[in-house]
Structure formats: C-alpha cells, structure tokens
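Open the model in your viewer and keep the selection tool ready. We will go stop by stop.

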Amino acid sequence: MAAAPLPEGAPAEPHDSSSAESLDRLYPAMGSTKPPRKRTTSQCKSEPPLLRTSKRTIYTAGRPPWYNEHGTQSKEAFVIGLGGGSASGKTTVATMIIEALDVPWVVLLSMDSFYKVLTKQQQEQAASNDFNFDHPDAFDFDLIIATLKKLKQGKSVKIPIYDFTTHSRKKEWKTLYGANVIIFEGIMAFADKELLKLLDLKIFVDTDSDIRLVRRLRRDISERGRDIEGVIKQYNKFVKPAFDQYIQPTMRLADIVVPRGSGNTVAIDLIVQHVHSQLEERELSVRAALASAHQCHPLPQTLSVLKSTPQVRGMHTIIRNKETSRDEFIFYSKRLMRLLIEHALSLLPFQSCTVQTPQGHDYEGRTYSGKQITGVSILRAGETMEPALRAVCKDVRIGTILIQTNCNTGEPELHYLRLPKDISEDHVILMDCTVSTGAAAMMAVRVLLDHDVPEDKIFLLSLLMAEMGVHSVAYAFPRVKIITTAVDKKVNDLFRIIPGIGNFGDRYFGTDAPPDWSDDEDALST
C-alpha cells in the first residue's frame, strides 16, 4: 500500500512488499531483503557544521563517546532519508527538523555533493544544458553508500565539494563526523536498494510542480549563474521527465509523505517526536550499558599507575588538602606531572643500539623506535601538563582539543581542535589532569582515531582518575594505554571523584568552580 499524503502530518501506514517490488526497475538486482533493523541512534571538521538550536547557536564537531566493550558504538546513528523532486523544499524541511529536534549532534548530508566527475564530452554537454543531472547514473551511489555507512558507524568521512557553476568537483574535500541524527537529502534518496537499507526513516517531500519550477528558476539563476532559457530547456528536457520516471514512483517507499513541504508544520512536528523517541530509547540503553561496565571489575591491564612511594604519596597529601595554598598546589602538581611524564615515556617502544663512548668503548643502549612524539592537551586543565612534557621531550609537538559539556544534554561537545600535521604517524601523549567518568577523555581519543592515530599509539595521562573513568576508557578503547599517579574508587552522584582532588582547573588557575562541576568538567569549563 502506498504512503498516503499527509495533509495534517499524520504518519503513513506501513507498506507491503509489493510496493518495493514494483520499483525494481530503478535498482540493481538484489537478494532477499533483510528484516528491517531496529531504529537506533549515535555524531560531525575541516568545516564544523553550524548547529542551530532554540536555545543558542553552537559550533561543534563532537560526538557522544558512548562505545561498548569492543570499542564500537553501542548504538548507530538514526538516519533520515529525505527525498522529493528538485526544488521541492527538501533542504528547508531538513533545516526545520534540525531546529525542532534541538539536539547537539545532527549532520545534514546532501546528495548534490556526490555527482559523478564528468568527462570532457559530458562537461561540454553540461555547459549547453544537454546533460541529464536528474538521472540515477549522474550520481556516485557507491561513494554515497560507503560514506553513509561510515557516518552511521560514527566514523569521520571525506565529502566532495561540487561546484555547480563549473559542473565539477573542487580539489578540496570537507570532513564530517558521525552524529546522533543524520539527515540525507536528495532527489534520488530512495533510488538504490543498498542505500534504502541504511535509512531508518524515509520522508518524501511532495510539492506542486509549478512551485518547484519557480523555485528552480530562482535558485539556478541567482545562485548558479544560469539563464532563464537554459533552465527552462533543462527542466522540460530532463528534470520533469526524470521526476515522472525515477522520483515520483519512490514516493511509495516513503514512511511519511509531507505535502507542501516546509508549510506542513504538523507533519514536521510528528517527525521530530518520532526521532526524539528513538533518541530516548538509545539513552536508556546507554545508561544500562554504562552501569554494567562500571560494576566491580579488575582494573584493566592497559592501566599503569605510578608507584606510590612515600614521596608520591606525600605530594598527593599536599595537593588533596583543601587548605593547601594555590602556590603550593601548583608547585607540587608540577612535580607530580614531571614524574608522570617520565613514567609514561618509559612505556614507549625502544630498540637496542650501540654507541661509542668518549673513551672509545662501545655501549649497548636503547633508543626510541618511533618517529615522533606529540602531546595533545584537553583544554583547559590538560595544558598545565605541557611544560613538563616539553622539559623532558625535545622538539615535542603540541596540539590542543577543547571539549565542553552541553548544559542541556550533559554530553561533551568538541568546540576547538588544533592538531599537528601527520599526527597519524606519532605516539600521542593525551593529557588531562583528572578523569572522572571518562566522557571527555573518550571523545578526545575518538577525535585522535578519526585523524588516523593508531589506538595503541595513544597514551592517556592524568594525575588522578576514578575507577569509573578507567573502566570506561579501557572498555571503549582496549588498546589505549592509561597512565596515572593514583586511582580513586568512588564517584558521587555529581560525578566528583571521592576522596578526590577538587576541581583541578579552578585550584590551579585560581578561578571559581561552578556549583555543578564534575571532575571531567575542569577540562570542559572556560
């Protein structure tokens, strides 16, 4: 049964299998269709997307760091497919959904980015409006599917940038990260069976053909440098026939049909409610997974704790004491940082080498076998460890990551990123002074992985960690080395480490802690 139009925004009834079979001419031959997957959810840099919410506007390229014990996401992203004719208002509807969702991690992926690279002959045809851009063969479906699969898994992807004035891809590509919600929009959004399997919700925007023509004229003339005769010629020769043959039939595959596009606010509200229910379902499962992970388990083998000598314990006594002055707190924190850095460097790979002493004798020694060491501090508290790293590591490169907790969702967001080039070949010392839940640390690790740093080359350093944070990081990223000077067992209801050290950033910099801080947030506040 075909999806019914929604004058009032009501969801369409489910379709039987004959609807899809009647459209087999649009798709390559396929085997039996897999049962529909349970709709679940999961996050978006060279050019971080601008996410608009009703409360404020933020830039973020972050993603929630919820991963299971195998280092993979506990839930996939929820993918909305948005189809419809050219200039039907798909992008406007997508923007309205994003704004109404009011969640921090949403990415909009446009099919327009995936036009195939044209041959010289096709370029000449396009210049004279004789190339059919509204045919399925005009799109690189293999790249679309591969890109959407990676995004859905929470991985970063490279997106081509298409220039409509020259009908070609630009040399530069942009980078996107995965999201809780991915909206994929395009005229052929439902025109491939493999692509359909990736869509959790299919929406068709149904707009009157006269309105679509007027919008296309306005857009192509003002934004793409076309003349009115060329636009009308292309519309009559390619756009309208393609809509009738390839696009309108896919309306039957839609879960929801939205007549009048952006004017149908009732339908958009219902779509938003449905997506919110999926996100809430994911949140409940995440909490259960985290609760299970944080039960009493042996500390992981990837954890290395600095030996608790009388000297180390004495310095801990000083910096944990609430009566300690700021000068003393800084002095003894720096001493501990130096010992921590030295201990971490001893865990780097070394190889045997022979050198000759000034007396002319051979000495069988050891030398660092890696290419480069890079330090990455999680702002702001993590940057206090940079001087200790520079003092013992000659020519070390430094990068920074700024992660802040969203006050509305309680989840971390990546707001700033500066990493050295070719970091993928380095051993990376990731620095944060205290780790409570591990949320910020896990997001930072995820960012490094997205920049192709091997997991086993990441060293997470922290002066103090809670067992919860240790387990969270180790279960998510079992090959990351975790190095600290002490591990405290408990975290209270506000996620403060017990007995703890207080808010390290505020004690070090002499600032006032907000009333709702947690030990992870001393690296998240500015």
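One term comes first: a residue is buried under 20% relative accessible area, exposed over 50%, and partly exposed in between, using a 1.4 Å probe and protein chains only. The model is predicted, so local features need pLDDT of at least 70 and side-chain atom pairs count only at pLDDT 80 or more, while totals for chains, interfaces and linings use all residues. Residues are numbered from 1 along each chain as its sequence is written, and side-chain values use heavy atoms, with hydrogens and water left out.

**Stop 1: His427**

Select His427. Is it buried or exposed? His427 is buried, because its relative accessibility is 7%. It lies in strand β16. Helices (H or I, at least four residues) and strands (E, at least two) are DSSP runs, numbered from the N terminus.

Now show Tyr368. Its side chain and that of His427 are joined by a polar contact of 2.8 Å. A polar contact is a pair of N or O atoms within 3.5 Å; within protein, one must be able to donate a hydrogen and the other to accept it, and residues adjacent in sequence count only if both atoms are side-chain atoms.

Contact means heavy atoms within 4.5 Å. Leaving aside neighbours within four places in sequence, His427 is in contact with residues including Leu348, Pro349, Lys457 and Phe459.

**Stop 2: the sheet**

Which strands form the open sheet, and in what order? The order is β4-β7-β3-β8-β9, 5 strands with parallel pairing. Strands β4 (106-110) and β9 (256-259) stand at the edges; each has a single partner strand, so one side of each has no neighbour in the sheet. On average, neighbouring strands here are turned by 20 degrees against each other, direction ignored.

Zoom in on β3 (residues 78-84) and β7 (residues 181-185), which pair in the parallel sense over 5 bridges. Two strands pair if DSSP finds at least two bridges between them. Pick Val79: opposite stands Ile182 in β7.

**Stop 3: helix α4**

Select residues 141-152, helix α4. This helix lies across β3, β4 and β7, and runs at about 165 degrees to β7. Axes are lines fitted to C-alpha atoms, for helices over the stretch in contact, and angles run from 0 to 180 degrees between N-to-C directions.

Pick Lys152 in this helix. Lys152 is buried, at 1% relative accessibility. Its side chain reaches the backbone oxygen of Leu198 at 3.0 Å.

**Stop 4: salt bridges**

A salt bridge is a side-chain nitrogen of Lys or Arg within 4 Å of a carboxyl oxygen of Asp or Glu. How many does the whole structure hold? A search finds 11.

- Select Arg169 and Asp140: their side chains meet at 3.6 Å, N to O. Arg169 lies in strand β6 (residues 168-176) and Asp140 in the loop between α3 (120-127) and α4, so the pair ties together parts 29 residues apart in sequence.
- Select Glu194 and Lys197: this salt bridge is 3.5 Å, N to O. The two are 3 residues apart in helix α5 (residues 193-197), about one helical turn.
- Select Lys371 and Glu425: the closest N and O atoms are 2.3 Å apart. Lys371 is exposed at 59%, and Glu425 is partly exposed at 35%.

**Last stop: cysteines**

Select Cys393, buried at 9%, then Cys433, buried at 0%. A disulfide is a pair of cysteine sulfur atoms within 2.5 Å. The whole structure has 0 disulfides.
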